[in-house]
Amino acid sequence: MACILKAPTNDSKGIIAFTTPERDLALSLDDRWKKEIEKIKDRWLVGIHHHAHDLFFKYDPLYDFHLAGETDLVEISGKKFPITNMDCCNFVPSYFNKSTNEKFWDILYVARAVRFKKIPDFFYAIRKLYDQGHMYRVLLISPIDEADSTRGRYAYSNIRGLYDEMFSKEEQKLFNFMTLNFNYPYPFDMPTLAHFYKSSKIFLHSADDERRCRVAAYGWAAGMPVVGGENVGLLLPKELQKPPYFYKAECYKDLARLAKDALDDYEKNPDMTAVRKVVAEDYTKDILINKLKEILPNEYINEDRSLYSLEHLDIRLGMHHLKGSTYASDNSNMYNMDFNGLFKYLQDRSNEDIKSDISRDEPEEFIAKLSEYSFQVEINKNHKYSLYQKKTNIIVKILLKLKHIKHYINKLKRCIFEY
């Protein structure tokens with residue numbers, strides 16, 4: 001569901017953030033939801049948490065602010081709009097702290113078994129290291145969505161088969177590939193996932209077009225150097241996009257070499273405090289409140305921390321309530337609730353009750369179970385995009401391809417695979 005960041009008071013508005021899937025797959029397709037948002041605006045500041053970069057972003061004044069990186073949203077007309085330069089990646093929980101424990105793995109990658117994560121390129125990098133005699137211990141954790149109907153197009157259909165082809169049984173004793181087909185996309189709780197990070201030396205991210213990567217942020221919060229393409233480093237300020245924090249690969253053939261460099265530098269025990277201040281919630285909760293004050297100068301942002309719910313934003317900001325609909329497969333990234341109940345809650349629930357509700361460890365989960373707001377999935381399963389919507393989506397996709405084509409041609413010129 002939408003994430004409630006702050007409870008309303010008599011003199012200050014509450015703060016809530018919807019997700020881009022909620023906006024694009026429901027809110028923007030039905031005028032009744034737009035009217036419901038307008039109705040709550042006298043009591044709530046309404047934001048959008050962006051799940052991906054948007055180079056053809058069109059500002060909609062219906063939403064008061066945007067949780068995204070400043071370079072990740074390019075307004076199509078050049079219009080300025082309130083943006084935090086923060087998203088879920090900037091709120092890594094304290095489980096991911098730097099540990100002095102002995103490390104078991106040298107290289108870690110955590111990636112869902114979907115194509116944009118470029119898992120085969122990770123395999124190629126490890127293959128190259130092994131061929132050079134660098135027999136590092138490697139761990140790849142890969143959640144798999146067994147219910148994904150697009151398998152083979154969006155997801156890998158047999159990624160373990162490729163692993164078995166590329167690595168011998170002896171090598172697989174060093175390179176542990178952990179595929180997980182339960183509780184997608186979060187098979188582990190955060191303390192368990194953090195254990196694997198704190199048991200590894202560096203994080204290698206092979207996706208070439210994923211920005212503001214949460215799994216990389218977990219690595220930085222855990223005191224790990226991160227290796228990846230320029231897109232991965234965009235989460236950090238420019239002055240920190242360098243060793244020992246970040247090792248930028250110009251192309252895939254650089255990943256193996258940079259992984260070795262990062263591991264060599266790791267032995268020097270670099271101070272990672274500077275990057276932790278960017279991604280760890282211990283530092284960033286206050287930064288968010290100050291940023292909202294800065295980008296919303298005409299709104300009174302009450303700084304009383306008892307009004308806020310800023311824990312576990314790494315997960316909460318990205319969750320939504322499209323579960324049970326045809327818009328998305330059922331998984332643990334969704335709440336089983338509808339917009340009717342949500343807007344009734346936002347309009348009718350008292351300030352004190354909301355403050356109490358969001359003080360709980362999993363506030364949205366608790367709110368979704370409140371029977372008096374009748375949280376039943378009621379999204380029209382027969383809904384189809386209008387012809388206009390279909391044409392718009394097609395045009396935007398074509399423009400995005402044209403926007404990137406020069407970039408990819410240049411990358412190909414620089415990067416002839418040498419595995």
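**Basis.** I am working with a predicted model, in which local features need pLDDT of at least 70 and side-chain atom pairs count only at pLDDT 80 or more, while totals for chains, interfaces and linings use all residues. Residues are numbered from 1 along each chain as its sequence is written, and side-chain values use heavy atoms, with hydrogens and water left out.

**Entry 1, helix H7.** I began with H7, residues 214-221, taking helices (H or I, at least four residues) and strands (E, at least two) as DSSP runs numbered from the N terminus. I noted that seven of the eight residues of H7 are buried, where buried means under 20% relative accessible area, exposed over 50% and partly exposed in between, with a 1.4 Å probe and protein chains only. The buried residues are Val215, Ala216, Ala217, Tyr218, Gly219, Trp220 and Ala221. After H7 comes Gly223, with a positive phi near 80°.

I take a nonpolar core as a set of buried Ala, Val, Leu, Ile, Met, Phe, Trp, Tyr and Cys residues joined through side-chain atoms within 4.5 Å. The largest one has 94 residues, and those with the most contacts inside it are Ile107, Phe122, Phe123, Phe175, Tyr197 and Trp220. Helix H3 (residues 119-131) gives the most to this core, with seven residues. Apart from this core lies another, of 25 residues, including Ile4, Ala26, Ile354 and Leu370. For Phe123 I listed the contacts beyond four places in sequence, which are Leu140, Ile159, Leu162, Tyr163, Met166, Phe167, Phe175 and Phe177.

I found that the axes of helix H2 (residues 31-40) and helix H13 (residues 339-348) come within 10 Å and cross at roughly 15°, the axes being lines fitted to C-alpha atoms over the stretch in contact, with angles from 0 to 180 degrees between N-to-C directions. That makes H2 roughly parallel to H13, since angles under 35 degrees count as roughly parallel, over 145 as roughly antiparallel, 65 to 115 as roughly perpendicular and the rest as oblique. In the contact, Arg32, Trp33, Glu36, Ile37, Lys39 and Ile40 of H2 meet Phe339, Asn340, Phe343, Leu346 and Gln347 of H13.

I recorded a cis peptide bond between Tyr184 and Pro185, with omega about 0°, and placed Pro185 in the loop between strand S9 (175-180) and helix H6 (190-198). Asn183 lies in the loop between S9 and H6, and its phi is near 50°, a positive value in a residue other than glycine. A cis peptide bond also joins Pro243 and Pro244, with omega about 5°, and Pro244 is found in the loop between helix H8 (230-233) and strand S12 (246-249). Finally, I noted His312, which is not a glycine but has a positive phi of about 60°, in the loop between helix H11 (281-295) and helix H12 (313-316).

Notes:
Contact means heavy atoms within 4.5 Å.
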